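Dear colleague,

Please find the structure below, together with its sequence. My findings follow after it, and I would ask you to read them with the structure open.

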Amino acid sequence: MSGPGSRPGRDDSPDRLYTLTGGRSRAGTDSPFDLVTLVVAESAPVPGMQSEHAAILRMTERPTAVVEIAAELRLPVGITKILLADLLATGRVSARHPRHQAAVPDLELLEQVLVGLRNL
Amino acid sequence: MDSATSRASAPLGASASNGLKIVVVGGFGVGKTTLVRSVSEIRPLATEETMTQAGAAVDDLTGVTTKTATTVAFDFGRITLDARNVLYLFGAPGQERFWFLWDRLFSGTLGAVVLVDTRRIDDSWYAIDRLEKHGTPFVVAVNDFGGPSFTPEQVREALDLDPHVPLVSCDARSRESSKLVLITLVEHVHTLHAADRVRPSRQELV
């Protein structure tokens, strides 16, 4: 596919991505993270921590969506989810998952969205 | 050029707890990123997802030379709605070969905006077909490129659009105009869900 070379991850060799995740490459359908799951750091980076993990902890002092973390790290979303899963498993971050589910109408939430949009 | 600030200077509030998604779909060059930019509080960011055509998972990176991993870039922006709710807007490529990305983006989305250029109206057919099959609520927004204008009836007919689907015209460069498109979508979703509540059987279609 054609596209600008400046896209995140585009110039990264697969080897680098492979190394980042310790060889794991699957953050598939069972990943607990949605693109818009908000991630919050529960601890500060510690010396010796993998640099991407440390970067995530600094970035998520305030709630930050998975997709924003991926863009900031310039890594594909799937790789970012693997890194986040590591941090979640060790309690270094917490995750605020989206409330909205398409099959479950939540009129109150939709009304909140409308108020927010109209106030823009 | 960008009036919006970069992400670094616009962190979310500590109480933000609920991310919401709206997807903007349409053909190449139809103005998806322009619309996202005009309403986003952050400079639109790009990221990408790497997937196999099967769409089941990130591809096995060690076998990348022998597998058909596809990398899809997409843009997104952000709107803080209130202390808890944050809306993310995704500009998604509308071409058929990206269907596997769509399936992921659409999961849990509030709804979609199909952005249409009347000069290339057939670019939108696939998007609409896909959304209908998904049961994803959507509105159609005709981005005004100053070309020949068509009546709403002509556009509806050309798109074979279901009568209940809202059709609006917009200028994706305008914040107010793009905002109205989003409001039209959320009102539409609200109407559908309110109707669901009255007629629970409709749930099965979603």
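**Confidence in the model**

This is a predicted model. In chain A, confidence is highest in strand S1(A), at a mean of 98, and lowest in helix H1 (residues 14-20) of chain A, at a mean of 66. Over residues 1-7 of chain A the pLDDT is below 50. Beyond near neighbours in sequence, this stretch has six contacts in the model. For chain A the mean pLDDT is 83, with 74% of its residues at 70 or more.

**The sheet of chain A**

Chain A holds an open sheet of three strands in the order S2-S1-S3, and the pairing is antiparallel. At the edges are strand S2 (64-65) and strand S3 (93-96), each of which pairs on one side only. Strand S1 (residues 38-41) of chain A is joined to S3(A) by four bridges, and these two strands run antiparallel. When you inspect this pair, please locate A:Val39, which stands opposite A:Ala95 in S3(A).

**Helix packing in chain A**

From H3(A), the residues A:Val66, A:Val67, A:Ile69, A:Ala70 and A:Leu73 meet A:Val77, A:Thr80, A:Lys81 and A:Leu84 in H4(A). Seven of the residues in this contact are nonpolar, one is polar and one is charged.

**Chain B**

Chain B contains five helices and seven strands. Along the sequence they follow the pattern β-α-β-β-β-α-β-α-β-α-β-α. Of the 206 residues in chain B, 43% are buried. Among the contacts in chain B with a separation of 6 or more, 74% are between residues 24 or more positions apart.

Helix H1 (residues 32-39) of chain B has six buried residues out of eight, so this helix is largely enclosed by the rest of the structure. The buried residues are B:Lys32, B:Leu35, B:Val36, B:Arg37, B:Ser38 and B:Val39.

Most residues other than glycine have a negative phi. Which residues of the loops depart from this pattern? A:Arg74 has a positive phi of about 55° although it is not a glycine, and B:Asp160, also not a glycine, has a positive phi near 55°.

A:Arg74 lies in the loop between helix H3 (66-73) and helix H4 (77-89) of chain A. B:Asp160 is found in the loop between helix H4 (152-159) and strand S7 (167-170) of chain B.

Are these residues buried or exposed? A:Arg74 is partly exposed, because 17 other C-beta atoms lie within 10 Å. B:Asp160 is exposed, because 9 other C-beta atoms lie within 10 Å, and a residue with 12 or fewer counts as exposed.

With kind regards

Definitions and conventions
Residues numbered from 1 in each chain as written. Chains lettered and ligands numbered in written order. Predicted model: local features only at pLDDT ≥ 70, side-chain atom pairs only at ≥ 80, totals over all residues. Pairing = 2+ DSSP bridges. pLDDT = per-residue confidence, 0-100. Contact = placed C-beta atoms within 7 Å. Buried ≥ 20, exposed ≤ 12 C-beta atoms within 10 Å, placed from the backbone. Nonpolar A, V, L, I, M, F, W, Y, C, P; charged D, E, K, R; others polar.
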